[in-house]
Amino acid sequence: MAMTPYVRTRMLEQKPPPVTSVGPAGWMRRNLFAGPVNSAMTVVTLGVVALLLSHLLPWVFLSVWNADSLAECRQIIDETWGTEHSGACWAVVRERFLQLVYGFYPWDFLWRPNLTFVLMLVALAPVLFTGLPRRMLVFSVLYPFLGAWLLWGGPVWTPLLALAGFGVAALGWRLGGRVNAILAVALAVLLPLLWWILVMGPLGRGLSALLPLGLEPVESNKFGGFMVSVVIGMSAITLSLPLGILLALGRQTDLFIVRSFSVAFIEFIRGVPLITLLFVASTLLNYFMPPGTNFDLIVRVIIMATLFSAAYIAEVVRGGLAALPKGQYEAADSLGLDYWQAQRLIIMPQALKIAIPGIVSTFIGLFKDTTLVSIIGILDPIGLSNAIRADSAWNGIYWELFAFIGFVFFLFCFSMSRYSMYLERKLNTGHR
């Protein structure tokens, strides 16, 4: 008699999951209709969105792109769609587009900011993405001097001598390092400052007299629009990150003078509004320079924005350092690493990984805060919008200019936030 087995001798064929748990239907069930409360909130939200879009979309698309004034825009809208409809007058953006982007930069030299922006992307690429050749970092280091020369023009010797100041700093570090670390730091700071303040100007003028090579100078009062926001924002972001890291390390060091200076700097800067620092940059900073020194206003704003952002970055990085377990420091000690080796190889990479969301949030806030420079007379996009609306042809137009400016700022800030998420996913090791 055949025996009936009590266990299965072969596996059942795999069946597809229910339609309601995968694909778009599954996503909607999990995220939009997971329960009565969630479903009710979804329906109410969709109703509010539909109501807003029913008013916004006609205004956006029943618009005019070719007109010479606001009155002509409204006349075209009335004749085309009737007096009961209202539409956007995007003609102001079309007519003043170059002014909103470049300010009053000479039209014949627009290739210079365009080339500067393209080279900026090339310089940032090896910093943001690790798959590119590391040799490109050499160009990333040289780019700030090249970009400043392209934008402001002047003799070619100016960026070369400014770059030479860092060589002077390296020389001071090496000479002082033969005695002790404190002297090395002092020489690495004082010698380049003396070079830039006292030597660079006369030497540059002498070289320019012997061999006059350079670009046509462009004054800072010609700068404006989104170009100013990008120049100030990207410069301050790039400079504030390393300065903020040094301040965070200085706040945790055992050296009393370094720790006291770091704490005093961070607490003072964080306790002062940015607009106050901008007023200091526009009015008071020149008093601390030698007589006859012409300190560019945009450079002064970049310095103050960098110091402001660095104070906040320092606290964000300090939070990342505090989140590391003590065992990481003990592991570095057990490997025989000195302080800087431990920070570079073990401590700081993990701290920065933890601090990525806070760092990027600070950068996004700093980039948006560049609109404050309009208060001290720099014509950023907001300042230019006020100048455009002062024109009798466009007097009374508001939403179109602010919507365009907000959209461009959204593109920059959203790109930074998406890169932050990409970097977090890339550095995620699966440990919690």
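Buried means under 20% relative accessible area, exposed means over 50%, and partly exposed lies in between (1.4 Å probe, protein chains only).

The model is predicted: local features need pLDDT of at least 70, side-chain atom pairs count only at pLDDT 80 or more, and totals for chains, interfaces and linings use all residues. Residues are numbered from 1 along each chain as its sequence is written, and side-chain values use heavy atoms, with hydrogens and water left out.

**Exercise 1.** Determine whether R318 is buried, exposed or partly exposed.

*Solution.* Step 1: the relative accessibility of R318 is 29%. Step 2: R318 therefore counts as partly exposed, since this value falls between the limits of 20% and 50%.

**Exercise 2.** Describe the salt bridges of E315 and the network to which this residue belongs.

*Solution.* Step 1: a salt bridge is a side-chain nitrogen of Lys or Arg within 4 Å of a carboxyl oxygen of Asp or Glu. Step 2: E315 forms such a bridge with R251, where the closest N and O atoms are 2.8 Å apart. This pair links distant parts of the chain, with E315 in helix α13 (residues 297-323) and R251 in helix α10, 64 residues apart. Helices here are DSSP runs (H or I, at least four residues), numbered from the N terminus. Step 3: the side chains of R318 and E315 also meet in a salt bridge, at 2.9 Å from N to O. Both residues lie in helix α13, three residues apart, which is about one turn of the helix. Step 4: salt bridges that share partners join R251, E267, E315 and R318 into one network.

**Exercise 3.** Examine the length and the bend of helix α10.

*Solution.* Step 1: helix α10 (residues 225-252) has 28 residues. Step 2: the expected span is 1.5 Å times one less than the number of residues; α10 reaches 40 Å from its first C-alpha to its last, close to the 40 Å expected.

Methods:
Helices (H or I, at least four residues) and strands (E, at least two) are DSSP runs, numbered from the N terminus. The bend at a residue is the angle between axes fitted to the seven residues ending there and the seven starting there.
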